[in-house]
Amino acid sequence: MSDVKKSGFDVKKLLTNSRIIVLIFLVAFLSLVTGGKFFTYGNFVNILYSISLTGIMICGATFAVLLGGIDRTVSGNAAVCGAMAATVVLAFGQTTGGAIAGLFAGLACGIVSGFFHGLVLSRFAIPAFLLTLATNEVLYGIVQFITGNQLINVMRCDFMNWIGENRLLGIPIPVYILAVCFVICYIVLNHTVYGRYVYATGGNRQAADLSGVPTRRVIVIAYTISGFMGALSGFVMSCMNKQASAAQAMGYENDVLAAIVIGGVSMRGGSGSLQGAMLGAVLIGVITNGLQLLGVPSIYHNLVKGVIIIVAIAWDMLSAARKSGTATNPFAGLFKSKKKVTA
Amino acid sequence: MAEKDLLFEMREIEKVFAHVHALDHVNFNVRRGEVHALLGENGAGKSTLIKILTGVYPKDGGQIFMDGKEVEISSRESAAALGIACIFQELSLVPTLSVYQNVMLGKEIAKFGIVNAKQERKQIQDLIDHYGFPVGANDIVETLSVAQMQMVEILKALATDAKLIIMDEPTASLSSRESELLYKIIHQLRERDVSIIYISHRLEEVFNLSDRITILRDGKNAGLVEKEHIVPSEIIKMMIGKEVSEATASRELKTSDAEPVLTVKHLTRLGAYNDVSFEVKRGEVVVLTGLVGSGRTEIVRTVYGADPYDSGEILIEGKPYQPKISRSVATGFGLIPEDRRTQGFSPLLSVTGNVAVTNYDKLSKSGFVNKANENTLGHEAVRLVDLRPPNPDVQVGNLSGGNQQKAVLGKWLTRDLKIMLIDEPTVGIDIGAKDEIYEIIERLSADGVAVLMVSSDIAEVLRVAHRILVMRGGKITKEFNNGVATQEDILMASSGFAAEEGKEADA
């Protein structure tokens, strides 16, 4: 009966996805106006490289958003991990063994932080936004403590330089790391029981509870994954920058959340996909890249990005409203003059 | 046709959605000071008609008259300006504000932006006193009961001089005592010449309250009945277009002699229920009935492992059982929770997604989901509950109430069940789907599943029960296990009039 659908690749569905259309349109537009500079293999690799750090964070933070929560500590975890790793690397004289020890120490920080958040959020009815807003400050406080508010240089660590600078088959290592994270998280969300439980818990926690889903464990694991991914991203960032700073990754949590939301993951939980979230990141990456290629001064980048994000979300909401048919047009009456002609 | 006391009239109303006639030349009118019920199964066109008359949808044809003059209702505002107000199922009050602040919201009495609270309060208190509502102008809305909140909604309508108030399932979330209060208020409104359009799935209350009943079926008028001519079976026939059995007025009960599956001994949870003992045998349908708040739901939740208990014992097939949800699911329990929307399903997930949640023990191998089996299960569940549309990929939130409940049932039907716990399965569900759900319960019982059900709907109790336990104030006060039980018997027992064994009513 439903053999047709089993191919798993639905072109029609893909073309009704407004984000794909926007992306195709953007790519076509930029290819035309940049005179061939945009549409090259090398530039596409650049775009992927530019989103690799936020992309790794998105792989984790999407779990939290799918649960109807949010994880603003991805940046704090990245900073703690970077600082922790760099400190350990220095202690070992920037050897490869030290780098690996630093990597594990940093990731352990992220896991502990994520586990803590999961534990609190699964047991207390605290809004995740508030908790992670506060704890992100705490995390940056810890970073300042570790670094003494100084830059920690790890320029002579070969292992970290290899990650930060090297390419394999022309593609930078961070892109490979992003790809691995994405594939693993994609499989977890789409092919494992745990992934199903994430959607069920985010969609209706009470119903999931009564169906025998261990929702507390589901939440703890999700935030632990998010903490791990934030930390991993922080380590890669330190490799790319050859240093760890007290303000490392600050503000990244907003980019991560923007990409997830643009990617169509519902903030109320239970709906959306990791592919979508990653597509959101690609969209932002393409826009930034296009602005650079077009020679738009960087002081305008945030402005243009913000406006495009607003347009994308507005379009999405309008088409969703039109699809359901019943929602009232949010723009109705906005442009009508208030004056009324009275007879 | 040209009745003099006609307040409101809709003539030959048409509405087309994507080439489907949702309303096909529907006529509907309301007299001054009458309660006019609108009956029909889900999808008959009731809500479309209401949305047209409150200005949510534009009509595609026909005319609307108010006080004999033709009017256009193009928006909620224009409906309100004509004196039409709607009390929706979901209340639209600001919980943290007081009653008078809610009522005056958007029409504050103010000078230069400064509110005259004293005058507002007095005005609303006068209105409350005039109609005799049991609320105070200063009460904070979130401290009120649901019934009182509805009264605030009604006050909001009255404060705008509404002449026509639409009540959409107003008693759906009320206890019987609260419902009584609402009926009283409806009578008072009617005496003061306010007209009411009443929509409800509870047929008895519709028959008792209404002056007239308009019946819709498939978007067409199926009948208009005056109070004197109300014959329940006739009206039900008009609604569904076929005969239903009248066998729900009483029921022949019998005690099964199969072995007990669930045994509850002296179970107590302070403040909820006290020293409750009963058993449910293989293939038996035992119904816990009584008023809302008598402890029925809490017992079911305790047995399932969702709520704790203080003392007592629970046995499954004779062996002591420590309730815990995951253990219950693994042991062969199923649960249809009290409120399907908040506890039963995930609205954004597909039918398959919802149904599979309880079945991953069989659908997965070392943590990985077998998608082919998952899809097969979705189709199987759709077939077992006869879901409409028969598509396992629809989001459950987009289904009708009856089909949502069938999807919740689908979670369990593919499992090897021992005990099915069912809590108020048909609240807000149309008659056709109700019958199908009863048939599913009967099928479960025939397969040897022990069914423990909670229900306040007496017709429903008599339709499915093998044995009936009546609860009052946290105790089982009466058991019907043999012979014939009638609606009256059960009503008497649950309201506490049947103190025949010399017991004083101690509540």
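Predicted model: local features only at pLDDT ≥ 70, side-chain atom pairs only at ≥ 80, totals over all residues.
Axes here are lines fitted to C-alpha atoms, for helices over the stretch in contact, and angles run from 0 to 180 degrees between N-to-C directions. Residues are numbered from 1 along each chain as its sequence is written, chains are lettered from A in the order in which they are written, and side-chain values use heavy atoms, with hydrogens and water left out.

**Helix pairs in chain B**

- Helix α5 (residues 146-159) of chain B packs with helix α6 (residues 176-191) of chain B at an angle of about 15 degrees, and their axes are 9 Å apart. Helices (H or I, at least four residues) and strands (E, at least two) are DSSP runs, numbered from the N terminus.
- The two helices α5(B) and α6(B) are therefore roughly parallel to each other; angles under 35 degrees count as roughly parallel, over 145 as roughly antiparallel, 65 to 115 as roughly perpendicular and the rest as oblique.
- On the α5(B) side, B:V146, B:A147, B:Q150, B:M151, B:I154 and B:L158 meet B:E178, B:L181, B:L182, B:I185 and B:L189 of α6(B), where contact means heavy atoms within 4.5 Å.
- By class, this contact of α5(B) with α6(B) has 9 nonpolar, 1 polar and 1 charged residues. Ala, Val, Leu, Ile, Met, Phe, Trp, Tyr, Cys and Pro count as nonpolar, Asp, Glu, Lys and Arg as charged, and the others, Gly among them, as polar.
- Helix α4 (residues 117-131) of chain B packs with α5(B) at about 110 degrees, with axes 11 Å apart. That makes α4(B) roughly perpendicular to α5(B).
- Here B:L127, B:I128 and B:Y131 of α4(B) meet B:L155, B:L158 and B:A159 of α5(B). The contact of α4(B) with α5(B) divides into 6 nonpolar, no polar and no charged residues.

**A helix pair in chain A**

- Helix α3 (residues 41-66) of chain A and helix α8 (residues 173-191) of chain A pack at an angle of about 20 degrees, their axes 8 Å apart. As a result, α3(A) and α8(A) are roughly parallel to each other.
- The crossing of α3(A) past α8(A) is left-handed.
- Residues of α3(A) including A:L48, A:Y49 and A:F63 meet residues of α8(A), among them A:P174, A:F182 and A:L189. By class, the contact of α3(A) with α8(A) has 16 nonpolar, 2 polar and no charged residues.

**Backbone details in chain B**

- A cis peptide bond, with omega of about -5 degrees, joins B:R388 and B:P389. You can find B:P389 in the loop between α14 (371-385) and α15 (401-413) of chain B.
- Although B:E317 is not a glycine, its phi is positive, about 50 degrees. B:E317 sits in the loop between β17 (311-316) and β18 (319-320) of chain B.

Definitions and conventions: Left-handed = near helix turned anticlockwise from the far one by under 90°.
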